[in-house]
Amino acid sequence: TIIKKIAKKEITPIQTDTAQKHRGGIDFKNHVDVSFPKKDSSSSAYKPVTPIRDIHVALFLPLSLAMIESIDVVKIAQGDEKIPEETKIGIEFYEGMKMAFDSLRKRGFKGYLYVYDSNLDSAGFAKLMKKPELKEMDLLIGPLYGKRFDTVLKFAKANNINLVSPALLGNHILLGNQNVSKITPSYATQADELAKYVAGNYAGQNIILFNSANPKDKPYLNTFKKTANSILQKSNSDTVKEVTFTTLKNFISKTKPNIIVIPSASQPFVIEAVNKLFLHKQENKDSIIVLGLSNFQDMESLDFGYLNALHTIISSYNFVDYNNPQTKNFILEYRNEFKTEPTQYVFLGFDVGYFYLSGLKKYGTAMQRKLPELKQKGIQTEFNFYQSDINSGYENRGVGIMKFENYSYTRVKYDNF
C-alpha cells in the first residue's frame, strides 16, 4: 500500500529534480520529505508581487503512520481488514496532490511539498508544530478536520502564512483570518445558491420551505427565505411558505407543482421528510419536487426510488464530468500509477493542488488577495472565491445544481461561471 511505501521511503517525496541533491534525514513518524536549503529572506522572493522561485508547501493529512507495522496488506486485499476511513481519505488526497504536482512539474514548476501526519496525540502534534521548517512555508494545506486545523490556524496567523482548508464546512474559520481560504462551500452558501435557482426557475409555483425546528438549521432557512423572497417579490410572485410536518398538509397545492425545499444538515430529519413526502405523493397524487443541500449525496439511507419519484434537486460542490477528455486522461493516468479507481478525495487533492500550486507559481504570496479573480473549473471542484469582509478569509462559492434522475445525479446548472 502507498502508506507503507511512504513509511519505508519507497516513495520519492514530491519535489523537483534539483531537490534530489539536497536529500537529508527524514523523520517519517511526523512527516515525509527531504531537507531543503533555506530560503534567503533578503531575496526578492518575499516581495508580494514577485513570483516565488522555489515554492514550499506543507500538507497535513491523517495518515496514521504509527499504525504502519500493524497493517496486513494481504488481509486488506482480501477484504478481511480495512484501513481506517480517515487514513484512506488522507492517502487518496495525497495521491491527487502528487498527480497535480507531477502535472505542473512537466510545465516547469519548481517547488517542494512537505507531507505531515496529522493523526498524532496532542503532545505529538504540538511537537510537530515546533519544527523550524514550518515557518519557511509559503502555504499550508490542512489538516482536513477537527481541532488539529485550529492549531495550524493559530500557527499560520502568528507566522503570516496562508492556510487552506480543503474539507471544513463552517465559515467560522474565516472570521478575522485574512490568510485563510476554504474550499468546501458552507450550507448557508449552498442554501443561497439553491434559493437563486428556485426563485429563477419556479416563480409562480407553490414554493414551500420545510422547517426542521433545529436551531442549527436556522441560518440556512433564513438565508434561503431572504434570497428567494427578494427575487420573487421583484416579479410579484408568491413568496416562500414555511411549514413543519404538522402544517404541511395545509399548504400543499392541488393545482400547482409543489416545490418543497429541505435546507437541513440533520440526516434524521432529511430522511424522515423525504419518506413522508414520497408517501404523501403516492397517496394524494400531488405534484412534488424536492430540493435539498449537498448532504443528500452522503445519506446512504435515502431511498433512490423515493429521490427519483420526487424529482430531487440539490446544491452540490462535487461533480465530475466523466465525458470530459481531460477527466478521462486523468483517470487513465491515475489507474496506471495507482492500479485502482480515483475517488472524490483523489479528485479534490488534484484540484486543490493544481489550483494553489499554479497560482503560487504565477502570483507568489500575492495569490491570496487575487483569489476572487482566479475563477477555475477543476475535475471535480469549481473555484469561485468570495471575501465577505476585508478582515476575513475567502470562501469558495463554487456551487452547482444537480438533479436526481434515472437513479443518479446529473449536473443541470453552472451558476458561477
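This is a predicted model: local features need pLDDT of at least 70, side-chain atom pairs count only at pLDDT 80 or more; totals for chains, interfaces and linings use all residues.
F330, Y334, F338, F347, F350 and Y354 form one aromatic cluster.

**Aromatic rings**

A pair of aromatic rings is described by the distance of the centres and the angle of the planes. In this structure there are 22 aromatic pairs. Two of them are set out in the table.

| Pair | Distance between centres | Angle between planes | Arrangement |
|---|---|---|---|
| F278 and Y306 | 3.9 Å | 15° | stacked |
| F330 and F347 | 5.7 Å | 45° | tilted |

Why does the pair of F278 and Y306 count as stacked? The planes of the two rings stand at 15°, and planes under 30 degrees apart count as stacked, so the pair receives that name. F278 belongs to helix α8 (residues 267-284) and Y306 to helix α9 (residues 304-309), so this pair ties together parts of the chain that are 28 residues apart in sequence. The two partners can also be described by their accessibility. F278 has a relative accessibility of 13% and therefore counts as buried. Y306, with a relative accessible area of 22%, is partly exposed.

The second pair, F330 with F347, is tilted. F330 sits in helix α10 and F347 in helix α11, and the pair links distant parts of the chain, 17 residues apart. Are F330 and F347 buried or exposed? Both F330 and F347 are buried.

**Two packed helices**

Two packed helices are described by the angle between their axes and the distance between the axes. For helix α6 (residues 187-201) and helix α7 (residues 218-234), the axes come within 8 Å and cross at roughly 30°. Angles under 35 degrees count as roughly parallel, and therefore α6 is roughly parallel to α7. The crossing of α6 and α7 is right-handed.

Which residues make the contact? On the side of α6 they are Y187, A188, A191, D192, L194, A195, K196, V198 and A199, and on the side of α7 they are Y220, T223, F224, T227, A228, I231 and L232. Of the residues in this contact between α6 and α7, twelve are nonpolar, two are polar and two are charged.

**The backbone**

Most residues other than glycine have a negative phi, and most peptide bonds are trans. Several places in the chain may be read against this background.

The peptide bond that joins G142 and P143 is cis, with omega about 0°. P143 is found in the loop between β4 (139-141) and α5 (146-158).

N236, a residue other than glycine, has a positive phi near 55°. N236 lies in the loop between α7 and β8 (241-243). Its relative accessibility is 73%; because exposed means over 50%, N236 counts as exposed.

K339 is likewise a residue other than glycine with a positive phi, here near 60°. The loop that holds K339 runs between α10 (325-338) and α11 (344-363). With a relative accessibility of 66%, K339 counts as exposed.

**The chain as a whole**

The chain has twelve helices and 17 strands. How many residues does the chain have, and what percentage of them is buried? The chain has 417 residues, and buried residues make up 52% of them. Among contacts between residues at least 6 apart in sequence, 67% join residues at least 24 apart.

How values were computed: Residues are numbered from 1 along each chain as its sequence is written. Side-chain values use heavy atoms; hydrogens and water are left out. Axes are lines fitted to C-alpha atoms, for helices over the stretch in contact, and angles run from 0 to 180 degrees between N-to-C directions. Helices (H or I, at least four residues) and strands (E, at least two) are DSSP runs, numbered from the N terminus. Angles under 35 degrees count as roughly parallel, over 145 as roughly antiparallel, 65 to 115 as roughly perpendicular and the rest as oblique. A crossing is left-handed if the near helix is turned anticlockwise from the far one by less than a right angle, and right-handed if clockwise. Contact means heavy atoms within 4.5 Å. Ala, Val, Leu, Ile, Met, Phe, Trp, Tyr, Cys and Pro count as nonpolar, Asp, Glu, Lys and Arg as charged, and the others, Gly among them, as polar. Buried means under 20% relative accessible area, exposed over 50%, partly exposed in between (1.4 Å probe, protein chains only). Rings of Phe, Tyr and Trp (its six-membered ring) pair if their centres lie within 6.5 Å; planes under 30 degrees apart count as stacked, over 60 as edge-to-face and the rest as tilted.
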